[in-house]
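Here's a quick briefing to read with the model open beside you. Take a look at the sequence and the fold first, then work through the points.

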Amino acid sequence: PIETRIELQTGGYVLTGAIDRSLLALLKNAPIDDVSLVHTIQFDPTKPGDVTWSSGLAPNGNTKLREPYLKDLIDSLHGVGIQVRAGYEIVEKGKTHSTLGDGFSGWLGSASASDIDSHVERIVQFLWGKGLDFDGLGFDLEANGLTLSHGPNLRRLIQGTAKALAPRNKFVTYDNAPSLDADGDNKNKFM
């Protein structure tokens, strides 16, 4: 038989705060290997260099349910053999600029190597320090303020995160351009 690997990316999702156990049974037999929660964490523009939850992650509209929901979701999906990837996402539509995107681009452009290394540590501590057993982290950075000059620091951020997660046997991915018309428009060719 032909083997097919499917990755399920969830973005702009509405979480009810409860895991539908009947759907888990269906997933067990589906050819889905990975679920990506695109909107999990983001750069914190109010505390440059820090990390915060994505505003899009609020199970049942309640931010206090984030950690218990994620722990249950990860455990449940692992129980049916599906990996779960957290997302670090900044997407700006068209040529628009956001406080988040501009904050990240400005910080990244002036960050020292130690600033970036500290940000990597904060990413790892923010997720795995809370006991959230994500299998990896995916960067989706489509910020209009990013330019070729950001390339070396962006490389350090992504590679540094991969190195920090390697001892935990976790993986890192990155998207550098939209794959759908409905997605962001920024294509960072330098990545």
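Predicted model: local features only at pLDDT ≥ 70, side-chain atom pairs only at ≥ 80, totals over all residues.

Residues are numbered from 1 along each chain as its sequence is written, and side-chain values use heavy atoms, with hydrogens and water left out.

**The overall fold**

- The protein has five helices and six strands; helices (H or I, at least four residues) and strands (E, at least two) are DSSP runs, numbered from the N terminus.
- Of the 191 residues in the protein, 43% are buried, meaning under 20% relative accessible area with a 1.4 Å probe, protein chains only.
- Take the contacts (heavy atoms within 4.5 Å) with a separation of 6 or more: 77% of them come from residues 24 or more positions apart.

- The mean pLDDT, the predictor's confidence in each residue from 0 to 100, is 84 for the protein, and 82% of its residues reach 70 or more.
- Confidence is highest in helix α4 (residues 113-128), at a mean of 97, and lowest in strand β1 (residues 6-10), at 47.
- Residues 1-14 have pLDDT below 50, and this stretch makes 32 contacts in the model beyond near neighbours in sequence.

- Eleven of the twelve residues of strand β2 (residues 32-43) are buried, so it's mostly covered.
- Strands count as paired if DSSP finds at least two bridges between them.
- β2 runs parallel to strand β4 (residues 83-91), joined by five bridges, and Asp34 has Gln83 in β4 as its bridge partner.
- With strand β3 (residues 51-53), β2 pairs in the antiparallel sense over three bridges, and Phe43 stands opposite Val51 in β3.

**Helices α3 and α5**

- Helix α3 (residues 99-110) packs against helix α5 (residues 151-165) at an angle of about 95 degrees, with the axes 8 Å apart.
- That makes α3 roughly perpendicular to α5, a label for angles of 65 to 115 degrees.
- Phe104, Leu108 and Gly109 in α3 meet Asn153, Leu154 and Leu157 in α5.
- The residues of this contact divide into four nonpolar, two polar and no charged.

Note on methods. Axes fitted to C-alpha atoms, helices over the stretch in contact; angles between N-to-C directions. Parallel < 35°, antiparallel > 145°, perpendicular 65-115°, else oblique. Nonpolar A, V, L, I, M, F, W, Y, C, P; charged D, E, K, R; others polar. Buried < 20%, exposed > 50% of the residue type's maximum accessible area, 1.4 Å probe, protein only.
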